[in-house]
Amino acid sequence: MGSEFQLRKESPAHSANLGHNCANEQRTQPKPQGQPPPLAPVQKTKPNRGQQGGKNKEAAIHQNNPKAQQAKPNQQGDKGREYAKPGQVYGNNRGKNYQLGDWMPVRGKSPPKGPNKARPNENSCHAQLSSTFYDRTCPNALNTIRTSVRQAVSSERRMAASLIRLHFHDCFVQGCDASILLDETPTIVSEKTALPNLGSARGYGIIEDAKREVEKTCPGVVSCADILAVAARDASTLVGGPSWTVKLGRRDSTTASHTLAETDLPGPFDPLDRLISGFANKGLSTRDMVALSGAHSIGQAQCFLFRDRIYSNGTDIDAGFASTRRRQCPQEDQNGNLAPLDLVTPNQLDNTYFKNLIQRKGLLQSDQVLLGGGSTDSIVSEYSNSPPAFASDFAAAMIRMGDISPLTGQNGIIRTVCGSIN
Ligand code: HEM
C-alpha cells in the first residue's frame with residue numbers, strides 16, 4: 001500500500017530481492033482437496049480514497065467485451081486523455097523534479113502489520129515456488145486453466161496479449177499476488193482504476209472464469225496469482241511464443257495498491273534509463289527488460305499513447321510508418337483507436353518486434369528507445385537476428401518476473417473469487 005511506502009533514496013540492488021538465503025522461511029503446502037489450509041485473519045486494508053466504484057466496474061466490463069471496445073473507442077480514449085501527457089503518464093512522482101531512478105518507493109520503516117501483509121521475500125529472501133506445488137492437491141489445475149485460456153484466445157486472439165500483460169501488471173505492483181484483480185470496495189482502492197490499467201488492462205474475466213472452473217474441483221487451493229502466471233505462459237504458447245515451466249505456490253494478497261500501480265509500472269514515454277532502473281528495482285536485468293519488451297510483438301496500443309511519436313517527424317521513426325499510423329490516429333480525438341504493437345506479425349509472439357525496431361517502426365516511444373544508441377542496442381540486434389535467443393531469454397525473464405515478491409507459506413490467502421477477499 002502506498003501508505004506503507006516512503007520515498008527515499010534507494011539503490012536498485014537494495015530492492016532486488018535476489019540471492020538471499022530462504023532457509024528459515026516456513027513453507028506450507030495446501031492440504032488435499034476439500035481441506036483448504038487454515039486462513040490467517042484477513043487484514044483490513046487502506047480506506048477508500050473516494051474512487052468511484054462504478055467507474056471501476058465499467059472499466060472491467062468494457063475491457064472484457066471486445067465489442068464494447070470496438071464500439072466505443074473514444075470513450076476509452078477520453079478517459080486516458082486526462083493523463084495522456086508525455087512525462088506525466090504512469091507515474092505522478094516521476095516528474096521533472098525528480099532525478100531519474102533516484103526516488104523509488106520502498107517498503108517503509110513501518111513493518112508489515114499482520115500475517116497477510118508480511119512479505120518475507122520482499123526484502124529478505126527470494127521466492128520459494130515450485131512447479132509441482134499442486135501436483136497432489138489439485139492435479140488438474142493446469143489443464144483446467146489451459147482450457148479456459150485456450151477458449152478465450154480462440155475467440156479473441158488479442159486476449160493472449162492481454163493476459164500476458166495482466167501478469168506483468170500484477171507482478172510489478174506489490175509482487176505477483178493477484179492484487180491487480182481486486183475490485184474497489186470501501187476498504188480497497190483498486191489497481192484497476194490506476195492510470196496504466198484503466199481502460200487498458202484486459203482479461204480479468206478470463207482469469208475469473210478459470211478460477212471458477214478450478215474451484216469446482218479444488219476449492220480453496222489454487223491462488224489467483226498462480227492462475228495469472230499459468231495463463232500468461234499458456235497465452236504465450238497459444239500465439240507461437242515460447243513455453244516454460246511455471247513455478248507455483250504464490251498466494252493472494254488481501255490488499256491492492258492503486259498508488260504503486262501508478263508509480264511502479266513503466267510508461268510509454270519513459271526514457272531508457274528509467275526503463276532500466278524501473279526493472280532493476282524489481283530485480284530484473286536490462287537484458288530481462290529488453291526480452292520482456294518483446295511481449296509487444298503481440299497486442300495493441302491506443303492512439304493517445306503513440307500520437308506524439310507519429311507526429312514528431314523525428315529521426316527515430318520511419319516516415320512511411322508514421323504516415324500510415326496517422327491515418328487511424330488523428331492529431332485530435334480518436335484517442336482510443338487501436339494499432340498493433342507489431343505491424344508485421346501482430347498475432348504471433350516472435351522476434352519480429354525487434355526487427356521492426358531496427359527499421360524504426362516501433363509503435364511506442366518506449367519501444368524505440370531500446371535502439372537509441374544506448375546499452376540495449378546490441379541486445380535488440382541479437383534478438384532480431386536470433387529467434388531462439390529471444391525465445392529462451394523471454395521465457396527465462398518471464399520466470400524471473402513471476403518470482404517477484406510472492407506471498408508464500410502462511411502469508412496471504414487463497415481467494416475464492418479473484419476480484420474480492422473471502
Ligand atoms: C518496458 C516497459 C513497458 C512499457 C512502457 C509498456 C507500455 C505499454 C503500453 C503503453 C501499452 C498499450 C496500452 C494501451 O494502449 O492501452 C502496452 C501494451 C502491452 N504490453 Fe507493455 N509495456 C512495457 C513492458 C511490457 C512487458 C514487460 C510486458 C509483458 C511481459 C508487456 C506486455 C504488453 C502487451 C502484451 C500489450 C498489449 C496488450 C493488449 O493488447 O491488450 N509490456 N504496453
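Analyst: Welcome! A residue counts as near a molecule if its C-beta atom, placed from the backbone, lies within 6 Å of it. Keep in mind that this model is predicted: local features need pLDDT of at least 70 and side-chain atom pairs count only at pLDDT 80 or more, while totals for chains, interfaces and linings use all residues. Residues are numbered from 1 along each chain as its sequence is written.

User: Thanks! How many residues surround the ligand, and which are the closest?

Analyst: The ligand is surrounded by 27 residues, with Ser 162, Ser 200, Leu 292, Ala 295 and Gly 299 the closest. Two or more residues of this shell come from each of α6, α11 and β3 (300-302). These labels are DSSP runs numbered from the N terminus: helices are H or I of at least four residues, strands E of at least two. Helix α6 gives the largest share of the shell, 6 residues.

User: Which residue does UniProt list as "active site"?

Analyst: The unreviewed UniProt entry lists His 169 under that name; positions follow the numbering used here, feature names are shortened, and annotations may be inferred rather than shown by experiment. His 169 sits in helix α6, residues 158-171.

User: Is His 169 buried or exposed?

Analyst: Burial is a neighbour count: 20 or more other C-beta atoms within 10 Å means buried, 12 or fewer exposed, and in between partly exposed. His 169 has 22 such neighbours, so it is buried. Beyond four places in sequence, His 169 is in contact (C-beta atoms within 7 Å) with Ile 180, Pro 196, Asn 197, Ala 201 and Leu 265.

User: Which residues carry the "binding site" label, and why do they gather at one spot?

Analyst: The unreviewed UniProt entry lists Asp 170, Val 173, Gly 175, Asp 177, Ser 179 and Glu 191. They gather at one spot because no two of their C-alpha atoms are more than 12.9 Å apart, although they span 22 residues in sequence. Asp 170 belongs to helix α6 and is buried, with 30 other C-beta atoms within 10 Å. Ser 179 is in the loop between α6 and α7 (204-217), and is buried as well, with 29. Ser 179 touches Asp 170, and its other contacts include Val 173, Glu 191 and Thr 255. Asp 170 in turn contacts Ala 225 and Leu 228, among others.

User: Where does α6 pack against α8, and at what angle do their axes cross?

Analyst: Axes are lines fitted to C-alpha atoms, for helices over the stretch in contact, and angles between N-to-C directions run from 0 to 180 degrees. The axes of α6 and α8 (residues 224-238) come within 8 Å and cross at roughly 145°. The contact includes Leu 163, His 167 and Asp 170 of α6 and Leu 228, Ala 232 and Leu 238 of α8. Its residues divide into 11 nonpolar, 2 polar and 1 charged.

User: What does Val 153 touch?

Analyst: Val 153, in helix α5 (residues 141-155), touches Met 159, Ala 160, Ala 235 and Leu 238, leaving out residues up to four places away in sequence. Val 153 is buried, with 23 other C-beta atoms within 10 Å.

Technical notes. Contact = placed C-beta atoms within 7 Å. Nonpolar A, V, L, I, M, F, W, Y, C, P; charged D, E, K, R; others polar.
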